[in-house]
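Open the structure in your viewer and keep the sequence panel beside it. This tour goes from one selection to the next and says what is there.

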Amino acid sequence: MVRKWLEIAKAEFFILTARFKAQRKFFMSIMIFLGVLWAAYIAPTMVRLIMDALIPLTQIHVLLQVMFPGFMRAVMLFLWMFLLFIPLGRALAEIKIGQYEILLANDVNSRDILVGTFIGKVPTYTLYVLFLAPLLLSPFQLAFQVSLLGQLLIYTVLTLMMLTTIWISNVVGMAIQAKLGDSPRGNDIAKTIAMLMGLITIVPVLGLQFFASQLSAILGMNIFLFFPFTWSADIVSWLVITFNGINLTCSQIANFQSILQLDLLANVLLMTL
């Protein structure tokens, strides 16, 4: 017996890759291969060359280290909002409650729908993270000379963050669709919400571009220790510090501890709750 969630996952995947039609599997295989190559080699090399051409890494080495904890939270805020609001916005662009009612009428439970739509989104958004994250993280990985094991652990954390955020987005999206599906103006309301979410997503990008230092300082405040994106950001920060290749001194590590407040284990526990 074919698992119903698997069929729903395939349908979701086909919708997201509709433009490629018969070449879906080939295209995704090539893109995942290029994404891994990009994250492991091409992006760090390109970032190094660009930074050396503009400002040699040695000249901004200390600045990158000082900005690191707060800037990492800003980067994770952007990735978190992107993974939360973009799938949610797409789901709300068209209210699909009628489709869900058809599925439920054919002995497909809501759990199958949740799991299926979630798994169907994972390949596409994995590519987004693979291509986007290295551009944001490479300057700090280069400044701290993070080891290969450290980089592998960092991308593992990013993967877990991506999966949990997409799952939350999926659950929230279905709840809103169910709420608005009975309203005669539900589709219009959903489109308005989707547009607002798209606008909200670009706020961290503008902050990183024009107010990087101020945004880093704000996100360094203790109040943000209660936000999920901070936990993954601080885990990445601790992994960079732990697997650095520049021999950080005890005083430098203590300084990072005073900024981050919670240690690696505490952040891991919070992220897994």
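Start by selecting Phe-78, Phe-82, Tyr-125 and Tyr-128, which ring pairs link into a cluster. Rings of Phe, Tyr and Trp (for Trp, the six-membered ring) pair if their centres lie within 6.5 Å; planes under 30 degrees apart count as stacked, over 60 as edge-to-face and the rest as tilted. Before going on, note that this is a predicted model, where local features need pLDDT of at least 70 and side-chain atom pairs count only at pLDDT 80 or more, while totals for chains, interfaces and linings use all residues. Residues are numbered from 1 along each chain as its sequence is written, and side-chain values use heavy atoms, with hydrogens and water left out.

A search of the whole structure finds nine aromatic pairs. Select Trp-38 and Phe-131: this pair is tilted, with 6.1 Å centre to centre and 35° between the planes. Trp-38 is in helix H2 and Phe-131 in helix H5, 93 residues apart, and the pair links these distant parts of the chain. Helices (H or I, at least four residues) and strands (E, at least two) are DSSP runs, numbered from the N terminus. Trp-38 counts as buried at 15% relative accessibility, and Phe-131 is partly exposed at 26%. Here buried means under 20% relative accessible area, exposed over 50%, and partly exposed in between (1.4 Å probe, protein chains only).

Next, select Phe-118 and Trp-167, an edge-to-face pair with 5.3 Å centre to centre and 90° between the planes. Phe-118 lies in helix H5 and Trp-167 in helix H6, so the pair ties together parts that are 49 residues apart in sequence. Phe-118 counts as buried, with 15% relative accessibility, whereas Trp-167 is partly exposed, with 33%.

Stay in helix H6 and pick Ile-168. Its C-alpha is 9.5 Å from that of Phe-118, although Ile-168 and Phe-118 are 50 residues apart in sequence. Ile-168 is partly exposed, with a relative accessibility of 43%.

**A threonine in helix H6**

Select Thr-165, also found in helix H6. Is Thr-165 buried or exposed? Thr-165 counts as buried, at 2% relative accessibility. Its side chain reaches the backbone oxygen of Met-161 at 2.7 Å. Leaving aside residues up to four places away in sequence, Thr-165 touches Trp-80, Leu-83 and Leu-84; contact means heavy atoms within 4.5 Å.

**Salt bridges**

A salt bridge is a side-chain nitrogen of Lys or Arg within 4 Å of a carboxyl oxygen of Asp or Glu. By this rule the count comes to two.

Select Arg-73 and Asp-234 for one of them, where the closest N and O atoms are 2.8 Å apart. Arg-73 lies in helix H3 (residues 61-93) and Asp-234 in helix H9, so the pair ties together parts that are 161 residues apart in sequence. Arg-73 is buried, with a relative accessible area of 1%, and Asp-234 is buried too, with 0%.

Then select Lys-10 and Glu-7, whose side chains meet in a salt bridge (3.9 Å, N to O). Both lie in helix H1 (residues 4-16), three residues apart, about one turn of the helix. Lys-10 is partly exposed at 39% relative accessible area, and Glu-7 is partly exposed at 39%.

**Two loops**

Select Gln-145, in the loop between helix H5 (110-144) and helix H6 (148-180). Gln-145 has a positive phi of about 50° although it is not a glycine. Gln-145 counts as partly exposed, at 47% relative accessibility.

Move to Asn-247, in the loop between helix H9 (228-242) and helix H10 (250-260). Asn-247 is a residue other than glycine with a positive phi, near 55°. At 66% relative accessibility, Asn-247 counts as exposed.

**The whole protein**

Finally, clear the selection and colour by secondary structure. How many helices and strands does the protein have? The secondary structure comes to 11 helices and zero strands. Buried residues make up 44% of the 273 residues. Among the contacts with a separation of 6 or more, 84% are between residues 24 or more positions apart.

How values were computed
A polar contact is a pair of N or O atoms within 3.5 Å; within protein, one must be able to donate a hydrogen and the other to accept it, and residues adjacent in sequence count only if both atoms are side-chain atoms.
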